[in-house]
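Subject: A structure to look through

Dear colleague,

I am handing over the structure below, and I would be glad if you read the notes that follow with the model open beside them.

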Amino acid sequence: MNPVNAVRPTTAEERDARTARNGGAPTLEFGRKVPYDAYVHASTLHTLQRTLSGDPGEMSFLVVSQIMELYFKLIRHELEQARDHVRADQMWEALAPLKRAALHLEGLNAAWQTLRWMTPADFNKFRDLLGEGSGFQSAMYRQVEFLLGLRTKSLMRPHKGTAAYDELEAALHQPSLWDEVIALLARHGYDLKPELLDRDVADEHEAEQSVSDAWVRVYRDTSPENHLRLLGEALTEVADRFGDWRYLHLKAVQRTMGAKSGSGGSSGLAFLQRSMSRPVFPELWTSRTEM
Ligand code: HEM
């Protein structure tokens, strides 16, 4: 880390001594960089809101997009933690990052409210200036999808030749969180179709009856010691909140551009409806019919 930007750690004793010297008021002068900025990099962050039009409404569209990008990154981080715990048979430990991911998804979803003012006329004021730019080209969103097990390889293509493509390629060849959950069920003695455990993880997993049957059995034991059931519910929460994002996005699109063509070249609403029909953790849903 650059020593100029380094955050100097303090101890509880140092904080108390400082408070006593300050007479209870906050510190107002620093010899070096303002410590908040050294950590948060707010001054860098605030250089990134480069709107294209003079329209006052565009700022909220850009800032919400950036906020959502940061949430995608945070959610990917949590899902990676959860996947690694599941891989290591640490079901209890996997619950905390899954809980955090579900809460971050709620925060992400709340951000849609910032765009509820936007009519088609409002969007049209700056839409042309976005050119072919579309959230569809978000590499971080694809990272989240890949971890959840949604693996449409062609959606990596916009990133060809960039570092983001290499990162997506690497993620594609690692098991998704759902792949690891299926492997965990097998390690716990559930009788699964053998091909599931020896498949090319770069291909999207399709709902499989033996996995669905396993979840029916898992859910029969409602005791708090049944960590697999707790894991199933934590995963259901993540899938459900992710579904909320997809739905709220669809509503925002419908509200601001109806069924017009998308900036990214797709049919817009019809494309998004198709995309949404790919289920997250499919057997956690199919099994519910048999419970
Ligand atoms: C009201 C504002 C918005 C409109 C009208 C809109 C419109 C669209 C459309 C039409 C698509 C389909 C691809 C295409 O462009 O042809 C799309 C995809 C997408 N948009 Fe938006 N979008 C909006 C806001 C956002 C925001 C704020 C984000 C957050 C970064 C976002 C992220 C995405 C993602 C990730 C996809 C791909 C979804 C998938 O593959 O299932 N969108 N958007």
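The secondary structure of the protein amounts to 13 helices and 0 strands, where helices (H or I, at least four residues) and strands (E, at least two) are DSSP runs numbered from the N terminus. This is a predicted model, in which local features need pLDDT of at least 70 and side-chain atom pairs count only at pLDDT 80 or more, while totals for chains, interfaces and linings use all residues. Residues are numbered from 1 along each chain as its sequence is written, and side-chain values use heavy atoms, with hydrogens and water left out.

**The whole chain**

The C-alpha trace spans about 65 × 55 × 35 Å along its principal axes. Of the 291 residues in the protein, 40% are buried; here buried means under 20% relative accessible area, exposed means over 50%, and partly exposed lies in between, with a 1.4 Å probe and protein chains only. Contact means heavy atoms within 4.5 Å, and among contacts between residues at least 6 apart in sequence, 71% join residues at least 24 apart.

**A covered helix**

How many residues of helix α7 are buried? Helix α7 (residues 139-148) is mostly covered, with 10 of its 10 residues buried, including Arg142, Gln143 and Glu145 as well as Val144, Phe146 and Leu147. The buried residues of α7 pack against α4 (58-87), α8 (163-172), α9 and α11. Just after α7, Gly149 takes a positive phi of about 105 degrees.

**Two helix pairs**

Helix α9 (residues 177-187) and helix α10 (residues 209-220) pack at an angle of about 65 degrees, and their axes are 11 Å apart. Axes are lines fitted to C-alpha atoms, for helices over the stretch in contact, and angles run from 0 to 180 degrees between N-to-C directions. The angle makes α9 roughly perpendicular to α10, because angles of 65 to 115 degrees count as roughly perpendicular, those under 35 as roughly parallel, those over 145 as roughly antiparallel and the rest as oblique. The crossing of α9 and α10 is left-handed, a word used if the near helix is turned anticlockwise from the far one by less than a right angle, whereas clockwise would be right-handed. In this contact, Trp178, Val181, Ile182 and Leu185 of α9 meet Val211, Ala214, Trp215 and Val218 of α10. The residues of the contact of α9 with α10 divide into 8 nonpolar, no polar and no charged, where Ala, Val, Leu, Ile, Met, Phe, Trp, Tyr, Cys and Pro count as nonpolar, Asp, Glu, Lys and Arg as charged, and the others, Gly among them, as polar.

Helix α10 also packs with α11, at an angle of about 115 degrees and with the axes 8 Å apart, and α10 passes α11 in a left-handed crossing. This contact is made by Trp215, Val218 and Tyr219 of α10 together with Leu228, Arg229, Gly232, Glu233 and Thr236 of α11, and its residues divide into 4 nonpolar, 2 polar and 2 charged.

**Two annotated positions**

His249 is found in helix α11 (residues 227-257), and because its relative accessibility is 21%, His249 counts as partly exposed. Not counting residues up to four places away in sequence, His249 touches Trp112 and Leu272.

Leaving aside its neighbours within four places in sequence, Arg127 is in contact with Met257, Lys260, Ser261, Gly262 and Ser263.

**Two backbone angles to check**

Most residues other than glycine have a negative phi. Asp89, which is not a glycine, has a positive phi of about 65 degrees; Asp89 lies in the loop between α4 and α5 (91-110) and is partly exposed, with a relative accessible area of 37%. Phe281, also not a glycine, has a positive phi of about 50 degrees; Phe281 lies in the loop between α12 and α13 (282-290) and counts as buried, at 1% relative accessibility.

With best wishes
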